[in-house]
Amino acid sequence: MGSINKKEQLGETSILQSSEDVEYLVHSVQKLLEEPDAVIQSWEVERINLELLNFTTSGIYRIRGTATIVGASLSWSLILKCIKPDSAEKEDVTYHNYWKREAEIFSSGLLDHLPGRIIAPRCFAIQDRPDHTIGLWMEDVSRHSRFDHVWHLDDWGWIAERLGEFHGAYLTGTSLPQQEWICPYWLKSWVRGCRQYAPSIQEPKLESGHGVDGTRAGERHIGIGDSQRNASGGSKQEQAHSIWQWFNQYSEQMDKILITLEQLPRVLSHQDLGKGNIFLPSERLDDSVLTLIDWQFMSISGVGEELGKLFGVNASFGHISAEDISAVKEEVFDRYVDGLRTAGWMGDERVARYGYCVAVAARSMWEVPEWLKWVEQSCTASDINEELDQKISTRARIITIQKEMSFEAAELAHALFNQE
């Protein structure tokens with residue numbers, strides 16, 4: 001190990017606790033540098049994404065340092081992701097968050113030759129660790145991207161177009177993988193999880209004594225837009241009650257809606273396209289590729305479904321600016337269809353639109369119950385909480401989009417499947 005000081009490097013605060021860990025590190029660095037004789041001189045460990053970990057992730061670490069090759073010194077950087085078992089349902093290979101899925105994916109080599117212009121980080125080693133976690137020793141792709149760039153309309157469109165090319169390949173001849181650990185119906189499994197773990201809700205109370213504008217003295221509006229405000233009377237309780245009524249009706253239809261998704265053409269999907277898992281190229285050229293990390297949610301899904309995840313999750317987490325959200329909603333679909341066409345798929349774009357609308361609207365299964373709890377908390381608070389009110393206002397705008405897209409999906413279902 002050359003000049004490595006094991007006493008200094010293997011401390012209680014380090015993820016590298018044993019000589020076996022060091023062996024995996026050395027092996028991974030040598031594969032990264034493509035130099036079997038590389039000797040590590042030093043390294044440091046940084047824990048990352050502390051507040052954004054999946055239930056099945058025990059930690060993500062960036063390990064970087066220097067190594068010598070025939071006297072020359074080179075810098076290197078790796079990612080060690082440790083995954084762990086969790087609740088009973090995550091032992092089911094068909095569950096959307098099956099805990100071993102990413103290890104299975106890397107073991108299979110499935111990500112080595114993806115169609116289109118989407119790539120994944122290389123995995124150099126998979127380690128069964130003494131604490132019953134699994135270590136994934138991976139390439140660090142962050143330095144090759146514009147991860148910190150503020151994304152605008154064309155960035156989201158470019159991502160959607162690459163996604164369309166990727167999905168289009170499976171619609172025009174590329175065989176879908178058949179491994180049992182790929183989630184067969186991601187959205188159905190996710191909705192089931194929402195029903196199990198989302199906050200329980202009760203019918204919001206309506207109070208009398210509203211003023212001429214429909215608002216009680218001292219009561220504040222939530223920002224869901226003037227049309228929604230006028231339609232619902234304007235008070236928090238009335239707006240919450242209106243959304244509660246729609247949500248209950250939509251929830252009753254959800255199982256039937258999810259079954260219709262099975263009629264859509266099937267594609268391989270990433271299904272976790274939050275901004276943190278997307279790495280844009282530092283330069284956008286004709287052959288530029290889109291790098292996606294964290295394939296834990298890999299699924300066989302209907303065309304358009306994953307686009308709903310891309311737009312829905314990034315809108316909800318504020319990664320799409322408020323002034324761009326309506327434009328991004330349509331831009332990503334148009335560019336997604338462009339990508340499908342580039343890949344050679346000439347099918348009816350309404351089926352992709354249906355998958356898109358349902359996937360966005362289905363996010364209400366988690367987001368509405370959470371929002372109603374926020375409203376209840378705000379209405380019963382003795383003091384004004386501006387931060388909470390802003391969260392309520394922002395989420396209400398997102399729910400309005402979900403509601404609108406549920407209505408659009410219903411119209412498409414009637415046209416495509418003759419469904420009432």
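Reply: The secondary structure comes to twelve helices and ten strands, where helices (H or I, at least four residues) and strands (E, at least two) are DSSP runs numbered from the N terminus. Bear in mind that this is a predicted model, where local features need pLDDT of at least 70, side-chain atom pairs count only at pLDDT 80 or more, and totals for chains, interfaces and linings use all residues. Residues are numbered from 1 along each chain as its sequence is written, and side-chain values use heavy atoms, with hydrogens and water left out.

Now, inside. Setting aside neighbours within four places in sequence, Ile-159 touches Trp-151, Ile-278, Leu-280, Leu-290 and Leu-310, contact being heavy atoms within 4.5 Å.

Trp-371 brings us to helix α11 (residues 364-380). At 1.5 Å a residue, its 17 residues should span 24 Å, and its end C-alpha atoms are 23 Å apart, which agrees; the expected span is 1.5 Å times one less than the number of residues. Buried residues of α11 include Met-365, Val-368, Trp-371, Leu-372 and Trp-374. So what covers the buried residues of α11? The cover includes α5 (186-197), α7 (236-261), α8 (305-316), α10 (349-362) and α12 (386-417).

In α7, Trp-246 and Tyr-250 lie four residues apart, about one turn of the helix. Their ring centres are 5.4 Å apart and their planes at 15 degrees, so the pair is stacked. (Rings of Phe, Tyr and Trp, using its six-membered ring, pair if their centres lie within 6.5 Å; planes under 30 degrees apart count as stacked, over 60 as edge-to-face and the rest as tilted.) Both Trp-246 and Tyr-250 are buried. Phe-333 and Tyr-356 also stack, at 5.8 Å centre to centre and 5 degrees between the planes. Phe-333 sits in α9 (residues 325-342) and Tyr-356 in α10, so this pair ties together parts 23 residues apart in sequence. Phe-333 and Tyr-356 are both buried, too.

Terms used: Buried means under 20% relative accessible area, exposed over 50%, partly exposed in between (1.4 Å probe, protein chains only).
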